[in-house]
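Let's explore a protein model together, one question at a time. Keep the 3D view open as you read.

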Amino acid sequence: MSNAVPETRDRILSACLTLLENSDGQEVRVSDVADAAGVTRQTLYLYFRNRTELLIATTHFVDDIKNADERLRPSRTAGSGQERLDAYITAWCTYIPEIYGISRALLVMKDPDARQAWESRMKDMWEGCEAAILALRADGHLTPDYSVKEASDLLWTLLSVRNWENLRIERGWSQAQYLAATLTMAQRLFVKAPPRSDYISATPE
């Protein structure tokens, strides 16, 4: 019986993920997920109290099957703030293509449940951005141009799925171009410039 619980839950989440990725912006109903998973609605509600909880759990399910924690390990174990920033950007930018299907589905849907699920996912991503910025500040390398919150907000915006979609899908950039440009922009935006070695004092010695 104990094995049946995670098996049924995963089957429901897998069905929800498949439906979202093939939804073309149409609402995915609880009854649709139950039918696809081969369970009753009553059984589904034993695992998820409502549709919002189901959609949020599906985004976490994607992270589990895509090994998101392992992808983020280089960022979390980085030896410096700049290394953490670069590692986080690399992890997220290379992750977007793999979650684009569910991301696009939640973005396109207009209902409150989908919006809440997407906002929950983006809150997690913002916290990752903040952690990278805080590491940069701890090293004394965060530019004085922005507060931690401002820098975190800017990094979160820079790494948005919409920006990836615009450059990769609409403008035809390669993934390598997108990643390289994002890393360069982040370096210029957030890392304090080192003192110029060619600086000449205006005060005579």
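Q: Which residues line the largest cavity?
A: This is a predicted model, and a search of the whole structure finds one cavity of 30 Å³ or more. Its lining is made by Thr59, Val62, Asp63, Ile99, Ile102, Ser103, Leu106, Trp118 and Arg121.

Q: Which element gives the most to the lining of the largest cavity?
A: Two or more lining residues come from each of α4 (51-65), α6 and α7 (112-138). The top contributor gives four residues, and that element is α6.

Q: How many residues of the lining of the largest cavity are nonpolar?
A: Sorting the lining by residue type gives two polar and two charged residues. The nonpolar group, to which Val, Ile, Leu and Trp belong, has five.

Q: Are the rings of Trp92 and Tyr95 stacked or edge-to-face?
A: The structure holds three aromatic pairs, including this one, with ring centres 6.1 Å apart. Planes over 60 degrees apart count as edge-to-face. The planes here are at 65 degrees, so the pair is edge-to-face.

Q: Is Tyr95 buried or exposed?
A: Trp92 and Tyr95 are three residues apart in helix α6 (residues 81-108), so about one helical turn separates them. Buried means under 20% relative accessible area. Trp92, at 4%, counts as buried. Tyr95 has 3% relative accessibility and therefore counts as buried.

Q: What percentage of residues 29-48 is helix?
A: The unreviewed UniProt entry annotates residues 29-48 as "DNA-binding region". In the model, the end C-alpha atoms of this span lie 13 Å apart.

Terms used
Residues numbered from 1 in each chain as written. Predicted model: local features only at pLDDT ≥ 70, side-chain atom pairs only at ≥ 80, totals over all residues. Heavy atoms only, no water. UniProt positions renumbered as here; feature names shortened; annotations may be inferred. Phe/Tyr/Trp six-rings, centres within 6.5 Å; stacked < 30°, edge-to-face > 60°. Buried < 20%, exposed > 50% of the residue type's maximum accessible area, 1.4 Å probe, protein only. 1 Å grid on protein atoms, 1.4 Å probe; cavity = no way out; pocket = protein on both sides within 12 Å on 5 of 7 lines; lining within 4 Å. Points joined across faces, edges and corners; volume = space filled by probe spheres on them.
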